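Here is a friendly briefing to read with the model open beside you.

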Amino acid sequence: ALEYLPDPEKTLEILSEGTWAKRKGMLTLVPMKRERVADGLAWRFRILLALSDDDEPVTGFFKPRQENYWDWLKEVHAYTIGRRINAPTVPTVMRHFKKTSFSGWLGKVPAEETTMFKWEGKKDPKIRGALKYWVPSYWHRHFGAKVAGEDYMTAIAKSIHPANREKLEKEYPLYLEVGRGIIFDYLIINEDRPENLGTILMPDGMQKLVLIDNGLALGVEHAGRTVMKKMFMGMRMFPKDMIDAIRTLDEDELTDMLRPPDDPVMWLPEVCIAQIVKRKDFILKTVDEWHAKWGDIVWY
């Protein structure tokens, strides 16, 4: 049942407290090597987790803290913001794992391929990272039979209009979820969409939006790609609960979330927080102007 994400609290509990599980025919640890010219070598891991030996295990996707890689940090903070404003994000926690848990794998890998790992502690080293739920039935970049390209998502954004309300609510509720995703991605300046999104098919035949990867979000905004902003600017109807949540998200709360006073390792640069506030203000200004012009028909 957890596959369809009906209970994010339960999923978060397993990610936060679950131990490495062993099940017949299932690998406890699956290392995934990533090599790209732009950012070199990095490792990710699929880890089988369960709260007890009797529970069905779930798979977590672990992005460890590594030299010159900040995507693990961005994943944790992006989920915190997404959960706060009711965005369709995948459950994610910051988790420490002991170095001894990886001993079997470390013994098989050339030492030069693991020098970028940021182990913490000398007596009993651990590594922290972002542990995300691995969605097993995820269909990458697809809405039904269509590929979620930039043009298609832009068309969806423009369709989120009061004139289309009845059709959207009855026939295309997924598009309304896409609207949530667009607002979320613009707030956290995630320009890695529509590459990293997709859907899962629910038991009732409906599709559920899943935003799987936020590792390139929460950076410093600069001139260049403004895809998510353009999509947001095409919308004429907005999720009221999300806008209300964004409205109450002030700079002090963001600072506490993104620069926790007791853990400097988790700090995001102050300039990034200032830019989130700036984008928040722009979102609210834009939405409020449409609300003043058209009234409550702009809400869904």
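A crossing is called left-handed if the near helix is turned anticlockwise from the far one by less than a right angle, and right-handed if clockwise. Helices (H or I, at least four residues) and strands (E, at least two) are DSSP runs, numbered from the N terminus. This is a predicted model, in which local features need pLDDT of at least 70 and side-chain atom pairs count only at pLDDT 80 or more, while totals for chains, interfaces and linings use all residues. Residues are numbered from 1 along each chain as its sequence is written, and side-chain values use heavy atoms, with hydrogens and water left out.

**Helix α6 against helix α7**

- α6 passes α7 in a left-handed crossing.
- The axes of α6 (residues 173–187) and α7 lie 9 Å apart, at an angle of about 135°; axes are lines fitted to C-alpha atoms, for helices over the stretch in contact, and angles run from 0 to 180 degrees between N-to-C directions.
- The two helices α6 and α7 are therefore oblique to each other (under 35 degrees is roughly parallel, over 145 roughly antiparallel, 65 to 115 roughly perpendicular and the rest oblique).
- On the α6 side, I182, I183, D185 and Y186 meet M228, K229, M231 and F232 of α7, contact meaning heavy atoms within 4.5 Å.
- Six nonpolar, no polar and two charged residues make up this contact of α6 with α7 (Ala, Val, Leu, Ile, Met, Phe, Trp, Tyr, Cys and Pro count as nonpolar, Asp, Glu, Lys and Arg as charged, and the others, Gly among them, as polar).

**Helix α7 against helix α10**

- The axes of α7 (residues 227–234) and α10 (residues 270–294) come within 11 Å and cross at roughly 20°, which means that α7 is roughly parallel to α10.
- The crossing of α7 past α10 is right-handed.
- K229, F232 and M233 of α7 touch F282, I283, T286 and V287 of α10, a set of five nonpolar, one polar and one charged residue.

**Two glutamates**

- E75 is found in helix α2 and counts as buried because its relative accessibility is 1% (buried is under 20% relative accessible area, exposed over 50%, partly exposed in between, with a 1.4 Å probe and protein chains only).
- Beyond its neighbours within four places in sequence, E75 has contacts that include K63, T92, K132 and D213.
- E67 sits in the loop between β4 (58–64) and α2 (71–84), and its 39% relative accessibility makes E67 partly exposed.
- E67 and F117 are 50 residues apart in sequence and 6.3 Å apart in space, C-alpha to C-alpha.
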